[in-house]
Amino acid sequence: MASITCMKAGDTAPDFTIPREDGTLVSLYEVLEKGPVVLYFYPRALTAGCTAESCHFRDLAKEFADVGATRLGISADPVERQKRFADKHGFDFPLLSDTDRKVAAAFGVKRPGPIFNKRATFVIGTDHKVIAVIASELDMAKHADQALQALSQRAG
(Lines give C-alpha, C1' and ligand atoms only; values in the text may rest on other atoms or scores of the structure.)
Protein backbone atom coordinates (compact mmCIF):
# COMPACT_ATOMS: atom_id res chain seq x y z
CA MET A 1 0.00 0.00 0.00
CA ALA A 2 1.35 3.43 -0.95
CA SER A 3 1.93 5.92 1.82
CA ILE A 4 -0.24 9.03 1.93
CA THR A 5 1.56 12.31 1.49
CA CYS A 6 0.51 15.30 3.55
CA MET A 7 -0.99 18.16 1.57
CA LYS A 8 1.32 21.10 1.04
CA ALA A 9 1.01 24.80 0.31
CA GLY A 10 -0.49 25.36 -3.13
CA ASP A 11 -2.52 22.13 -3.14
CA THR A 12 -6.29 22.32 -3.50
CA ALA A 13 -8.02 21.32 -0.29
CA PRO A 14 -10.64 18.61 -0.80
CA ASP A 15 -14.21 19.42 0.15
CA PHE A 16 -15.93 17.38 2.82
CA THR A 17 -19.15 17.43 4.80
CA ILE A 18 -19.09 15.88 8.27
CA PRO A 19 -20.85 16.47 11.61
CA ARG A 20 -19.73 18.91 14.24
CA GLU A 21 -20.09 18.47 17.99
CA ASP A 22 -23.79 19.43 17.95
CA GLY A 23 -24.58 16.97 15.14
CA THR A 24 -25.14 19.56 12.40
CA LEU A 25 -23.20 19.07 9.18
CA VAL A 26 -20.31 21.31 8.17
CA SER A 27 -19.02 21.59 4.60
CA LEU A 28 -15.53 23.00 4.13
CA TYR A 29 -16.35 24.77 0.86
CA GLU A 30 -19.45 26.41 2.40
CA VAL A 31 -17.37 27.75 5.29
CA LEU A 32 -14.74 29.01 2.82
CA GLU A 33 -17.39 31.23 1.21
CA LYS A 34 -17.14 33.41 4.35
CA GLY A 35 -13.34 33.67 4.42
CA PRO A 36 -10.20 31.61 4.99
CA VAL A 37 -10.31 28.51 7.18
CA VAL A 38 -7.80 27.20 9.69
CA LEU A 39 -8.43 23.45 9.83
CA TYR A 40 -6.50 21.79 12.61
CA PHE A 41 -6.32 18.03 13.08
CA TYR A 42 -5.74 16.80 16.61
CA PRO A 43 -5.27 13.21 17.76
CA ARG A 44 -7.89 12.86 20.52
CA ALA A 45 -10.35 15.10 22.34
CA LEU A 46 -10.10 15.48 26.12
CA THR A 47 -6.37 14.67 26.26
CA ALA A 48 -3.75 17.02 27.69
CA GLY A 49 -1.96 18.03 24.47
CA CYS A 50 -5.14 18.39 22.42
CA THR A 51 -6.74 20.43 25.19
CA ALA A 52 -3.76 22.80 25.32
CA GLU A 53 -3.77 23.19 21.54
CA SER A 54 -7.54 23.71 21.29
CA CYS A 55 -7.60 26.18 24.18
CA HIS A 56 -4.88 28.20 22.44
CA PHE A 57 -7.06 28.37 19.31
CA ARG A 58 -9.98 29.43 21.54
CA ASP A 59 -7.94 32.08 23.33
CA LEU A 60 -6.93 33.69 20.01
CA ALA A 61 -10.54 34.14 18.85
CA LYS A 62 -10.18 37.91 18.41
CA GLU A 63 -6.98 37.59 16.40
CA PHE A 64 -8.55 35.03 14.06
CA ALA A 65 -11.66 37.20 13.70
CA ASP A 66 -9.44 40.19 12.86
CA VAL A 67 -8.03 38.30 9.85
CA GLY A 68 -11.48 36.99 8.90
CA ALA A 69 -10.63 33.33 9.50
CA THR A 70 -12.84 30.51 10.73
CA ARG A 71 -11.26 27.91 13.00
CA LEU A 72 -12.29 24.26 12.63
CA GLY A 73 -10.95 21.51 14.87
CA ILE A 74 -11.15 17.93 13.62
CA SER A 75 -10.40 14.48 15.01
CA ALA A 76 -11.65 10.91 14.72
CA ASP A 77 -13.62 11.28 17.94
CA PRO A 78 -17.38 10.67 17.78
CA VAL A 79 -19.79 13.60 18.02
CA GLU A 80 -20.58 12.86 21.68
CA ARG A 81 -16.92 13.07 22.74
CA GLN A 82 -16.44 16.26 20.71
CA LYS A 83 -19.47 17.74 22.48
CA ARG A 84 -18.05 16.89 25.93
CA PHE A 85 -14.73 18.46 24.87
CA ALA A 86 -16.40 21.64 23.56
CA ASP A 87 -18.67 22.02 26.57
CA LYS A 88 -15.89 21.42 29.10
CA HIS A 89 -13.61 24.11 27.59
CA GLY A 90 -16.11 26.58 26.11
CA PHE A 91 -14.88 26.34 22.54
CA ASP A 92 -16.45 28.98 20.29
CA PHE A 93 -15.73 27.13 17.03
CA PRO A 94 -16.84 23.79 15.56
CA LEU A 95 -15.18 20.50 16.47
CA LEU A 96 -15.67 18.10 13.58
CA SER A 97 -16.11 14.35 13.88
CA ASP A 98 -14.19 12.36 11.24
CA THR A 99 -14.86 8.90 12.69
CA ASP A 100 -14.04 6.99 9.50
CA ARG A 101 -10.91 9.17 9.05
CA LYS A 102 -11.64 9.80 5.38
CA VAL A 103 -10.96 13.53 5.77
CA ALA A 104 -7.70 12.79 7.60
CA ALA A 105 -6.70 10.46 4.74
CA ALA A 106 -7.58 13.10 2.13
CA PHE A 107 -5.32 15.63 3.91
CA GLY A 108 -2.57 13.05 4.42
CA VAL A 109 -2.61 12.98 8.21
CA LYS A 110 -4.19 9.57 8.82
CA ARG A 111 -1.88 7.13 10.54
CA PRO A 112 -2.18 3.41 9.76
CA GLY A 113 -4.50 1.14 11.70
CA PRO A 114 -6.14 2.40 14.89
CA ILE A 115 -3.37 4.89 15.74
CA PHE A 116 -4.62 8.45 16.21
CA ASN A 117 -4.21 10.96 13.38
CA LYS A 118 -1.18 13.22 13.11
CA ARG A 119 -1.37 16.71 14.60
CA ALA A 120 -1.37 19.14 11.68
CA THR A 121 -2.95 22.46 10.74
CA PHE A 122 -3.96 23.63 7.27
CA VAL A 123 -4.57 27.28 6.46
CA ILE A 124 -6.92 27.33 3.47
CA GLY A 125 -7.78 30.34 1.31
CA THR A 126 -11.16 31.14 -0.19
CA ASP A 127 -9.84 29.83 -3.52
CA HIS A 128 -9.63 26.39 -1.81
CA LYS A 129 -5.82 26.46 -2.00
CA VAL A 130 -3.69 25.53 1.00
CA ILE A 131 -1.80 28.64 2.12
CA ALA A 132 0.28 26.97 4.84
CA VAL A 133 0.75 23.66 6.63
CA ILE A 134 1.87 23.57 10.24
CA ALA A 135 3.03 20.28 11.73
CA SER A 136 4.24 19.68 15.26
CA GLU A 137 3.30 16.85 17.57
CA LEU A 138 4.69 18.53 20.70
CA ASP A 139 4.51 22.34 20.35
CA MET A 140 0.84 22.97 21.07
CA ALA A 141 0.98 26.75 20.59
CA LYS A 142 2.83 26.55 17.27
CA HIS A 143 -0.29 25.64 15.27
CA ALA A 144 -2.44 28.65 16.10
CA ASP A 145 0.49 31.07 16.22
CA GLN A 146 1.85 30.08 12.81
CA ALA A 147 -1.61 29.93 11.25
CA LEU A 148 -2.19 33.52 12.35
CA GLN A 149 1.21 34.52 11.03
CA ALA A 150 0.43 32.98 7.62
CA LEU A 151 -2.91 34.74 7.44
CA SER A 152 -1.45 38.08 8.56
CA GLN A 153 1.36 37.87 5.98
CA ARG A 154 -1.15 37.10 3.24
CA ALA A 155 -3.37 40.01 4.28
CA GLY A 156 -0.44 42.42 4.62
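Biologist: In what order do the elements of the protein chain run from the N terminus on?

Modeller: In this predicted model, the elements of the protein chain run β-β-α-β-α-α-β-α-β-α-β-β-α from the N terminus on, which comprises 6 helices and 7 strands.

Biologist: What makes the radius of gyration of the protein chain agree with that of a compact globule?

Modeller: A compact globule of 156 residues would have a radius of gyration near 15 Å, and because the protein chain has 14 Å, the two values agree. The C-alpha atoms fill a box of roughly 40 × 40 × 30 Å along the principal axes, and 47% of the 156 residues count as buried. Among contacts between residues at least 6 apart in sequence, 62% join residues at least 24 apart.

Biologist: What does the accessible surface of the protein chain come to, and how far apart are the mean positions of its positive and negative charges?

Modeller: The accessible surface comes to about 7400 Å², of which 54% belongs to carbon and sulfur atoms. The mean positions of the 20 positive and 20 negative charges are 5 Å apart.

Biologist: Why is the pair of Tyr40 and Phe93 called edge-to-face?

Modeller: By the rule for ring pairs, the count comes to 11 aromatic pairs in this model. For Tyr40 and Phe93, the ring centres are 6.0 Å apart and the planes stand at 65°; since the centres must lie within 6.5 Å and planes over 60 degrees apart count as edge-to-face, the pair is edge-to-face. The pair links distant parts of the chain, with Tyr40 in strand β3 (residues 37-41) and Phe93 in the loop between α4 (79-89) and β5 (95-97), 53 residues apart.

Biologist: How do you know whether Tyr40 is buried or exposed, and what is the case for Phe93?

Modeller: The cut-off for a buried residue is under 20% relative accessible area. Tyr40 has a relative accessible area of 0%, so Tyr40 is buried, and Phe93, at 3% relative accessibility, therefore counts as buried.

Biologist: Why is the pair of Phe57 and Phe64 called stacked?

Modeller: The rings of Phe57 and Phe64 have their centres 5.7 Å apart and their planes at 25°, and because planes under 30 degrees apart count as stacked, the pair is stacked. With a relative accessible area of 0%, Phe57 is buried, and Phe64 is buried with a relative accessible area of 0%.

Biologist: Why does Leu46 count as partly exposed, and what is its phi near?

Modeller: Leu46 has its place in the loop between β3 and α2, and its 28% relative accessibility makes it partly exposed, because that class lies between 20% and 50%. Phi of Leu46 is near 70°, a positive value in a residue other than glycine. Most residues other than glycine have a negative phi.

Biologist: What is the phi of His128, and why does His128 count as partly exposed?

Modeller: His128 has a positive phi of about 75° although it is not a glycine, and His128 is found in the loop between β6 (120-124) and β7 (130-135). At 22% relative accessibility, His128 counts as partly exposed, because the buried class requires a value under 20%.

Biologist: How do you know whether Val103 is buried or exposed, and which residues is Val103 in contact with beyond its neighbours within four places in sequence?

Modeller: Val103 lies in helix α5 (residues 102-107), and its 7% relative accessibility means that Val103 counts as buried. Leaving aside neighbours within four places in sequence, Val103 is in contact with Phe16, Ile18, Phe41, Ile74 and Asp98.

Conventions: Residues numbered from 1 in each chain as written. Predicted model: local features only at pLDDT ≥ 70, side-chain atom pairs only at ≥ 80, totals over all residues. Heavy atoms only, no water. Helix = DSSP H or I, 4+ residues; strand = E, 2+ residues; numbered from the N terminus. Rg over C-alpha atoms; globule rule 2.2 N^0.38 Å. Buried < 20%, exposed > 50% of the residue type's maximum accessible area, 1.4 Å probe, protein only. Contact = heavy atoms within 4.5 Å. Areas by Shrake-Rupley, 256 points an atom, 1.4 Å probe, with all protein chains shown as cover. Lys, Arg positive; Asp, Glu negative; His and termini not counted. Charge placed at Lys NZ, Arg CZ, Asp CG, Glu CD.
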